[in-house]
Amino acid sequence: MTTLHEPVTPSATDDDLSVWPASTGRLAHGDLAVGGVPLTEIAERFGTPAYLLDEGDVRTRCRTYLHAFPDAEVHYAAKAFLCRAMAHWVAEEGLGLDVCSAGELELAVTTGFPAERIVLHGNAKSPHDLEAALRLGVGRIVIDSASEIARLAAAVPPGSRQKVMVRVVPGIAAGGHAKIRTGTDDQKFGLSITDGSAQHAIARIIGQPGLELTGLHCHLGSQITTDKPFLAAVRRLVGLMARVKDQHGITLPELDLGGGHGIAYRPGEAALDITTLARRVRAELIESCAAAGLTVPKLLIEPGRAIAGPAGVALYRVLAVKRTGGRTFVAVDGGMSDNPRPALYGVRYVPRLIGRHSTAASAPVTVVGRHCEAGDVLASDIELPGDVQPGDLLGVPVAGAYHLSMASGYNLVGRPPVVAVADGRARLLVRRESLEDFRSRDVGL
């Protein structure tokens, strides 16, 4: 454990720190502290690349959601980032959890997370996923395809009932990039209202004695920064719930709007206003149900990125600076193996020089990774001091979601550690992947 003795001046309201964790403060010599711990100290103690999570920031964001949605169930989307500590924090703050695999499920439950507060997702759940969910007693399983109905029903032990929801495709396009839009009929998730697949699946589930249909689920996409798509989804799903009541005499008690709540990765970018979203979704739900003659269902939401993303910072050490073809490339000791998002769908970050003051004028550079891919670019055409040099430390904010959860073993570089910071102390949550890890997994010769 490391304790900070140097005074910290909170400054996350400054424009250039607006996307950093709220606890971020300036120190002497160009250093920053997060959670009261200097970033240079994190780099020296744990090496680079390294990821830190501000525990206080995570907990505050959990509380913000519970306050904004007091009558809803809030489930943290584990796919954004999951480790034992994250599961523990989320459980303590009173959130549920949504998982996408037996691996995420087992890690959470063996950490002590209550299985009944877990929802299992997935467009292609394996037999192992379903077996684990039934064995551990998850609260709900979200059915994503017609073939899943019979497989799940056959696996439910005699005399038992498993609560399920149906993932509905409402035909709404929303999200920051085509690869993260999941509310339309031309992608792999869910069952369409338009072609009747959702209605057919609902009828089949109702006929299964081992399955209890509790409601409808949808997830429109990711990085949505306006509430309009969510309001449209409420109207369409309430319309389907009304048809279910008319055709089957069943009033579904739950409606899950998923997540996808957009955050800012760069100063000045738009982010979804959670308080406004909650107010307008609640009003739309009440109005739509009144018009349809339905009892207002319980609302569920599943934020992931909006809780973990802004709480994380990635730290890299500069390995090389190359000026060629009229451009300046700053190469660091990580890259697409620990953050594939820029290569996958063009996410833009704002790295910052950490640990020293520079009087040099800023200049446009492209921060690249160490991997054998031309697309291994972490940040294109951003401003850094013109004297950036090997050995410098760079910090990348908004790094808590979809970095390490999507990390790979490319080039056998090894995935970085995760360090929690809180109240001037740092502690290791996930250790660095080592050469011994690679050797021990490779068993064939």
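## Cysteines

C83 is buried, with a relative accessible area of 6%, and in this predicted model the cysteine sulfur closest to that of C83 belongs to C62, at a distance of 13 Å, which is too far for a bond. C100, by comparison, is partly exposed, its relative accessible area being 29%, and the closest cysteine sulfur to that of C100, in C218, lies 15 Å away, again too far for a bond.

A disulfide would need two cysteine sulfur atoms within 2.5 Å, and the count of disulfides comes to zero.

## Aromatic pairs

The count of aromatic pairs comes to two. One of them is formed by Y65 and F69, whose rings are stacked, with 6.3 Å from centre to centre and 15 degrees between the planes; both Y65 and F69 are buried.

Y265 and Y349 form an aromatic pair that is edge-to-face, with the centres 5.5 Å apart and the planes at 85 degrees. This pair links distant parts of the chain, since Y265 sits in the loop between strand 13 (254–256) and helix 9 (274–292), while Y349 sits in the loop between helix 11 (341–345) and strand 17 (352–354), 84 residues apart. Y265 and Y349 are both buried.

## A charge over a ring

A further ring contact involves an arginine: R117 lies over the face of F113, at 5.1 Å from the ring centre.

## Helix 3

Within helix 3, which spans residues 84–92, the buried residues include A85, M86, A87, W89 and V90. After helix 3 comes G94, whose phi is positive, near 95 degrees.

Methods
Residues numbered from 1 in each chain as written. Predicted model: local features only at pLDDT ≥ 70, side-chain atom pairs only at ≥ 80, totals over all residues. Heavy atoms only, no water. Phe/Tyr/Trp six-rings, centres within 6.5 Å; stacked < 30°, edge-to-face > 60°. Buried < 20%, exposed > 50% of the residue type's maximum accessible area, 1.4 Å probe, protein only. Helix = DSSP H or I, 4+ residues; strand = E, 2+ residues; numbered from the N terminus. Lys NZ or Arg CZ within 6 Å of the ring centre and 35° of its normal.
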